[in-house]
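The sequence and the structure come next.

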Amino acid sequence: MEELSISELPLGNLLSLPLWETVIIFALLVLLSWWAAGRLVAAVTAIGLGVMWMLRFQTFEIEKVPLDEWVEDSLNFLTDHFAFVTKGISKLTDVGIDYVIDGLMYFPPWLVILVFTFLAWRLAGRNVAFLTAVGLVFLWNLHLWKPTMETLTLVLFATFISVSIGVPLGVMAAISNTFYRIVMPILDFMQTMPAFVYLIPAIPFFGLGAVSAIFATVVFAVPPSIRFTCLGIKQVPAELIEAADAFGSTQTQKLLKLQLPLAVPTMMAGVNQTIMLALSMVVIAAMIGAGGLGGEVWKAIQRLKSGMGFEAGLAIVILAMILDRITQKIAKGHKV
Amino acid sequence: MDKIKITNISKIFGPQPALALQLLNQGLGKEEIFNQTGQAVGLANISFEVQEGEIMVVMGLSGSGKSTLLRCLNRLIDPSQGQVFIDGVDITTLDHEALLALRRQKFGMVFQHFALFPHRNILHNVEYGLEIQGMEVDKRREKARQSLKLVGLEGWEDAMPRQLSGGMQQRVGLARALAVEPDILLMDEAFSALDPLIRGDMQSELLQLQERVRKTIVFITHDLDEALNIGSRVVLMKDGKVVQIGTPEDIISQPADDYVKRFVENVDKSRVLTAHAVMVWPRLLASPQDEPAQVLANMAEENLSSLVVVNADQTLAGIVRMETLTQAIERGDKTLENSIEREVPTVTAKEPLKGLISILATWPLSLPVIDKQRKLLGIVVKGMILSALAKRGNH
């Protein structure tokens with residue numbers, strides 16, 4: 001609890017001025033708000049200033065809102081009652097991730113590089129294939145092959161989950177105006193909240209490790225999937241929608257035959273954003289034991305080894321470039 | 001029965017249509033209603049019918065409500081009041097399911113900017129309506145191909161819309177609408193985005209196509225020339241109201257008010273007025289059994305140099321000239337049979353003046369107007385056309 005007096009607020013000096021000066025300044029403030037924001041705001045300003053004037057020498061106590069306690073209480077409640085479910089999911093996912101990583105590590109790196117290069121060539125053309133080959137060989141040479149594969153797996157898992165959640169929500173936001181108005185502020189909130197904060201509650205639910213990292217990453221990376229899907233669908237020209245309507249299309253037919261196909265390029269841009277955000281979360285997630293390239297960076301920080309940190313950081317950049325170029329090319333290839 | 005019947009349709013754009021409708025039904029104008037309620041009147045108490053197989057053109061400038069009216073016919077826009085009957089069924093009461101079924105069965109629609117689906121090739125665009133109906137792939141592809149053939153676009157099935165010129169894209173739009181074999185074709189400024197030469201071609205192609213497919217067509221345009229050229233009848237709209245309904249000739253020859261008159265002034269009347277408007281019944285006729293000397297005497301009396309000859313059943317036999325009659329009398333013929341010039345140019349009552357002028361440029365005699373059974377309807381002579389054009393000009 002703190003003791004506060006209004007005269008201690010920045011406005012305090014103003015409030016202790018002689019009466020006539022105060023009146024002039026108040027009048028100016030009210031006029032300014034009228035000019036800038038209209039009658040209603042001016043009235044609110046006038047009343048607010050008046051109340052402050054009357055309370056100017058009062059001292060009273062403001063109790064802190066116990067927001068932290070509320071959040072913790074509700075999280076505790078959720079942990080007590082639902083953690084066994086999330087822990088179960090966590091175990092399963094962990095096994096899945098391990099299988100993928102083990103699978104990737106089972107083959108010799110040169111073979112994996114060949115496969116990835118071939119995929120890049122088919123999906124995005126010669127230049128990107130070249131970039132992929134050179135980049136991955138370089139990573140192998142840096143002895144960062146295993147953490148790279150771990151990071152890649154984490155990113156792909158997180159992206160897959162984000163897209164699976166994001167596309168249906170994006171479609172709903174595009175169709176229902178009410179849903180749009182509810183979801184958009186939540187997305188703003190999710191994206192503005194520092195990503196670290198998501199790590200804390202992730203641990204009691206999913207335990208230390210990759211799954212918590214994926215959870216935090218998904219929370220951070222799902223908004224662009226939702227936004228871009230919604231945007232892509234809303235961008236479909238009204239005349240085309242009208243044409244589909246004129247032929248008697250149902251809502252579902254319109255969605256599947258017209259809106260979603262036309263939204264694909266925009267949605268791919270969203271996937272691209274999601275992947276980039278997921279990658280940027282990887283280092284942060286390393287703090288809760290996600291491993292991978294982020295883990296290398298984290299180790300380097302703790303031991304103050306700038307060379308090691310640089311290598312791992314560069315590896316993240318290379319991986320990001322490869323994923324970015326491939327998804328971008330896919331998005332462009334779908335342009336209609 | 002009327003194919004389409006609209007009774008007392010109004011459309012208000014705004015949050016409280018009931019209020020505006022009340023004022024509208026009290027007889028207030030568009031502007032007063034907007035000033036009082038802040039709501040826009042899109043359509044104000046419109047009624048008309050469209051017959052089966054007719055091309056009904058709705059003509060008006062932008063903001064006249066013509067596109068809104070068109071969309072009320074298949075309820076892409078719901079009218080605020082009034083009924084729309086399609087084949088006698090009031091569609092304003094249909095629920096969503098029934099409405100979708102109606103759109104699938106009865107309507108094809110063609111749009112100003114074509115509205116082709118950019119991610120589908122031409123064939124897949126044309127089959128869209130059939131696909132929506134759930135028709136099997138083979139069957140609907142076959143139908144789509146036929147439809148493309150109808151508009152002269154065979155061989156373009158695999159092209160994408162953006163590879164086609166505007167005129168071709170609109171043919172695809174037309175093929176897409178025709179593929180579902182609709183009773184009614186709604187065309188929303190279908191040719192307005194095309195350049196004038198292509199537009200003219202498309203108009204005549206539409207008319208030729210209509211000869212074969214016989215759809216009921218509602219065609220929206222802002223171009224009076226286009227309206228008069230293709231319309232069986234024309235609805236002229238202004239400010240959400242109907243100004244005049246009539247055949248192109250009615251509109252040209254009896255404009256309802258100054259607004260229509262101003263439009264009509266700029267129209268090329270020789271394309272719109274037809275033989276029907278200028279033909280007259282000949283003062284004198286002959287039959288093949290008449291005696292040449294008698295006919296010649298009658299002609300001299302009426303001061304004519306030639307005469308139309310009709311058979312007993314009023315069908316056209318031909319024309320006789322004064323010179324040939326003189327020769328017949330010298331030969332001693334008892335009837336006109338050998339003097340009739342049977343190969344004469346003829347026209348139907350629908351022939352526009354333009355066509356008449358070009359025929360009469362090389363044909364010095366009167367021009368018989370006949371119907372499908374070759375029955376004589378009247379004749380046209382050069383002077384009548386000029387006087388018709390001159391007379392209607394300063395109406």
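Into which domains is chain A divided? Chain A is divided into domain 1 (2-62) and domain 2 (69-106 + 142-333); such bounds come from an automatic or database domain assignment. For chain B the assignment gives domain 1 (50-267) and domain 2 (276-393).

| Domain pair | Distance between C-alpha centres |
|---|---|
| domain 1 of chain A and domain 2 of chain A | 47 Å |
| domain 1 of chain B and domain 2 of chain B | 42 Å |

The model is predicted: local features need pLDDT of at least 70, side-chain atom pairs count only at pLDDT 80 or more, and totals for chains, interfaces and linings use all residues. Residues are numbered from 1 along each chain as its sequence is written, while chains are lettered from A and ligands numbered from 1 in the order in which they are written.

**The sheet of chain B**

Chain B holds an open sheet of six strands with mixed pairing, in the order β6-β7-β8-β3-β9-β10. Helices (H or I, at least four residues) and strands (E, at least two) are DSSP runs, numbered from the N terminus, and two strands pair if DSSP finds at least two bridges between them. The edges are β6 (107-110) and β10 (241-246) of chain B; each has a single partner strand, so one side of each is left without a neighbour in the sheet. From one strand to the next the twist averages 15°. For this and the later angles, axes are lines fitted to C-alpha atoms, for helices over the stretch in contact, and angles run from 0 to 180 degrees between N-to-C directions.

Strands β7 (residues 184-188) and β8 (residues 216-221) of chain B are parallel and share five bridges. In this pair, B:I184 is opposite B:T216 of β8(B). β3(B) and β9(B) are also paired in the parallel sense, over four bridges, with B:V234 in β9(B) as the bridge partner of B:V57. On β10(B), B:V234 has B:G246 opposite; here β9(B) and β10(B) pair in the antiparallel sense over five bridges.

Is β9(B) largely enclosed or open? Five of its six residues are buried, so β9(B) is largely enclosed by the rest of the structure. A residue is buried if 20 or more other C-beta atoms lie within 10 Å of its own, exposed if 12 or fewer, and partly exposed in between, with C-beta atoms placed from the backbone.

Helix α3 (residues 66-73) of chain B lies across β3 (55-59), β7, β8 and β9 (233-238) of chain B, and runs at about 155° to β8(B).

**Positive phi in chain B**

Most residues other than glycine have a negative phi. B:D239 is not a glycine, yet its phi is positive, at about 50°. The residue sits in the hairpin of β9(B) and β10(B), which has two residues between the strands. B:D239 counts as partly exposed, with 18 C-beta neighbours inside 10 Å.

B:E181, again not a glycine, has a positive phi of about 50°. The loop that holds B:E181 runs between α8 (166-179) and β7 of chain B. With 14 other C-beta atoms within 10 Å, B:E181 is partly exposed.

**Helices and a loop of chain A**

Two packed helices are described by the angle between their axes and the distance between the axes. The axes of α8 (residues 177-192) and α10 (residues 210-234) of chain A come within 9 Å and cross at roughly 145°. On the α8(A) side the contact consists of A:Y180, A:V183, A:L187, A:M190 and A:Q191, which meet A:V219, A:P223, A:I226, A:R227 and A:C230 in α10(A). Residues are in contact if their C-beta atoms, placed from the backbone, lie within 7 Å. By class, this contact of α8(A) with α10(A) has eight nonpolar residues, one polar and one charged. Ala, Val, Leu, Ile, Met, Phe, Trp, Tyr, Cys and Pro count as nonpolar, Asp, Glu, Lys and Arg as charged, and the others, Gly among them, as polar.

A:F107 lies in the loop between α4 (67-106) and α5 (109-124) of chain A. A:F107 is exposed, with 12 other C-beta atoms within 10 Å.

**Between the chains**

In the interface, 15 residues of chain A are in contact with 17 residues of chain B. On the side of chain A that touches chain B, α11 (238-246) and α12 (251-286) of chain A are the elements that give two or more residues. α11(A) gives the most, with six residues. The residues on this side of chain A divide into eight nonpolar, four polar and three charged.

Key: Contact = placed C-beta atoms within 7 Å.
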